[in-house]
Each structure stands twice: as C-alpha cells, then as structure tokens.
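Me: I am new to this structure and would like to learn how to read the site around a ligand. Could you walk me through it?

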Amino acid sequence: MTQQELLKKIQTAVIEGIKEEAEALAREAVEKKLDLNEVVEKGYILGIQKVGDLWEKGEYFLPELITSAECMKAAMAILQPELEKAQIETKSLGKIVIGTVEGDIHDIGKNLVSSMLSANGFEVIDLGADVKLEKFVEKAEEEKADCICLSALLTTTMLGQKKLIEMLKEKNLYGRFKVMVGGAPVNQKWSDDIGADGYAENAMIAVQAVKNVIKK
Ligand code: B12
C-alpha cells in the first residue's frame, strides 16, 4: 500500500467510524516509519473534518460524530507516544496550559492541538473541556506557563476567550502569559480584536504559531 492509499484508508476509517481499522492503520504507519505528523494531518484530521462537513449537511447525526471522535482518540493514543519518541530536542520548548473554555464540550480539535504541541516538544498541561476561566489563570500562574491556549467551537463560548484576556488585564497578568486562540468560528481578526497574541487555523500551524509567540 502506498502512503497515499494509507492516508485515504485512514480518512475512510474515521468517516465510517471503524475504530479497529483506525487503530490498525495507525500501527501500520508506525511500523512503516512514515512521517507521523503528516499521517495525523492528512489522514486523521482530514477525515474528522469531512465528518464535520457531513454533520453540517445534515447527513451525519450525533452517534456518527461520537464514533468518529472515538476513532481519533484511539488512533492518537497509538501515535502520540511515537511522535514524542521521534522528538529530537530533549529540552522543553515551553509550558502550555490548554483547554476548551467553559460552556463548551467540543474537545476533538483541542486534543489534536494538545497532542501536536506535546509531540513537538512542549510541556502541555491539558485541562480538558468546559474549563472555568479562573482555572486557566490559576493553573498558568501555578505552573509558570509560557502560554495559555484556548479552544472554542461555539460563537457563544468564543466570548470566553475575550473574557479571559480581560481577566488577565484586571489581575495585571496581561503580557505575563501569551494567549493563543483557536476553534472553528475563530479567526485572525477576532484574535487581534480581543488582544490575543496569536491564532492558528489547525493543529500543525498551531505548533509553529506557539513557537513564534513564545519567542517574542
Ligand atoms: C463533533 C461536533 C460535536 C460533538 C463534539 C464531540 C467532542 N468530543 O468534541 C458533539 C456531538 C458532542 C457536539 C455537541 C454540540 N455541538 Co457541535 N459540532 C461538532 C462538529 C461537527 C465538528 C467539530 C470538530 O470536532 N471538528 C474537527 C476538529 C479537528 O476541528 P476544530 O475543532 O475546528 O479544531 C481545529 C482548529 O479549529 C484548530 N483549533 C482548535 N482549537 C484550537 C485552539 C488553539 C489555541 C489553536 C491555536 C487552534 C485550535 O486546530 C484544530 C485541529 O486542526 C462541528 C461542525 C464544524 N464544522 O466545526 C459542530 C458545531 C461546532 N457544533 C455546534 C453546536 C451548536 C453544538 C451543540 C450546541 C449542539 C446541541 N444543540 O446540543 C452541542 C454543544 C454542547 C456544548 N455545550 O458544547 C455548532 C456551533 C454553532 C455555533 N455557531 O456556535 C457547529 C458549528 C455545527 C453547526 N454548524 O451547527 N458537537
């Protein structure tokens, strides 16, 4: 099987929600020593994005979404340790506190960003989904984090990203931690408008973007 065929099969496994297949293909990619960042990006992420499109068209419903999300989780559990092993730099690139903001339970994209950051050498403290804004700040202070990464998938919870920046300003912590924002409804303009340090449209770009903001 060529790499292209494998990537296509991965997408199909995620779209059709066949967990065993998604796991088997992840193992195969590891055994074949393929570029796992590419496998995640062009296989699994493309697959789950297509699931999102099918939901938007009304062709997929809740059970399909959940099954596909489970496929992603199971495959990432195999790939992440391998991605970390492949990581050459031993020194941490920085400490990141990440989570999906309160009121929002979407965590597939956040988990991908979290996995890719740790696979690329960051120390990641993942607070999960539906996280209280105060908790992000408390954890960042406690851990002396370099950056807070906030995911939001709902137009209503995007406001949590804005509120967190306001909270940092009130506590005189604005500038102490870099703040990165992301999630499907978020864009660069929103990031600029609320005074965040950066935005990235996907997990791969997020890795580079976090490196850039931390350097500043
Ligand atoms: C899967 C899904 C669900 C699943 C979530 C499962 C899970 N564990 O996450 C379930 C079924 C539970 C769900 C529930 C709901 N959902 Co929903 N869901 C989706 C769907 C189809 C896909 C989201 C997804 O996982 N995409 C794939 C990932 C890989 O992409 P991503 O999240 O965008 O993440 C990437 C980038 O954005 C970026 N990124 C993400 N986070 C971050 C953070 C940082 C810092 C950075 C730099 C980058 C970054 O990198 C990621 C990886 O490349 C979207 C539709 C869509 N097209 O987005 C709707 C959608 C987000 N849901 C929606 C809604 C309305 C809901 C519900 C309110 C439905 C309901 N009535 O109950 C509930 C929410 C309940 C709540 N309180 O949160 C709406 C939101 C509309 C809006 N304008 O606010 C959408 C857009 C669907 C729609 N068109 O109506 N949902």
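Predicted model: local features only at pLDDT ≥ 70, side-chain atom pairs only at ≥ 80, totals over all residues.

**Reading the ligand site**

Me: Which protein atom is a donor to the cobalt atom of the ligand?

Reply: For a metal, look for N, O and S atoms within 2.8 Å of it. Here the cobalt atom has a single donor from the protein, NE2 of His106, 2.2 Å away. A side-chain N or O atom of His106 is also 2.8 Å from a nitrogen atom of the ligand.

Me: Which backbone atoms lie by an oxygen atom of the ligand?

Reply: For polar contacts, look for pairs of N or O atoms within 3.5 Å. A backbone N or O atom of Thr155 is 2.9 Å from a ligand oxygen, and one of Ala184 is 3.5 Å from a ligand oxygen.

Me: What residues make up the shell around the ligand?

Reply: Sort them by kind: 18 are nonpolar, 9 polar and 4 charged. Of the 31 residues around the ligand, those that come nearest are Leu62, Ile105, His106, Asp107 and Ser151.

Me: Which domains does the shell draw on?

Reply: Domain 1 (3–85) and domain 2 (95–215) each provide at least three residues.

Key: Residues numbered from 1 in each chain as written. Heavy atoms only, no water. Near = heavy atom within 4 Å. Polar contact = N/O pair within 3.5 Å; in protein donor to acceptor, adjacent residues only side chain to side chain. Nonpolar A, V, L, I, M, F, W, Y, C, P; charged D, E, K, R; others polar. Domains from an automatic or database assignment. Donors = N, O, S within 2.8 Å, 3.2 Å for Na, K, Ca; no water.
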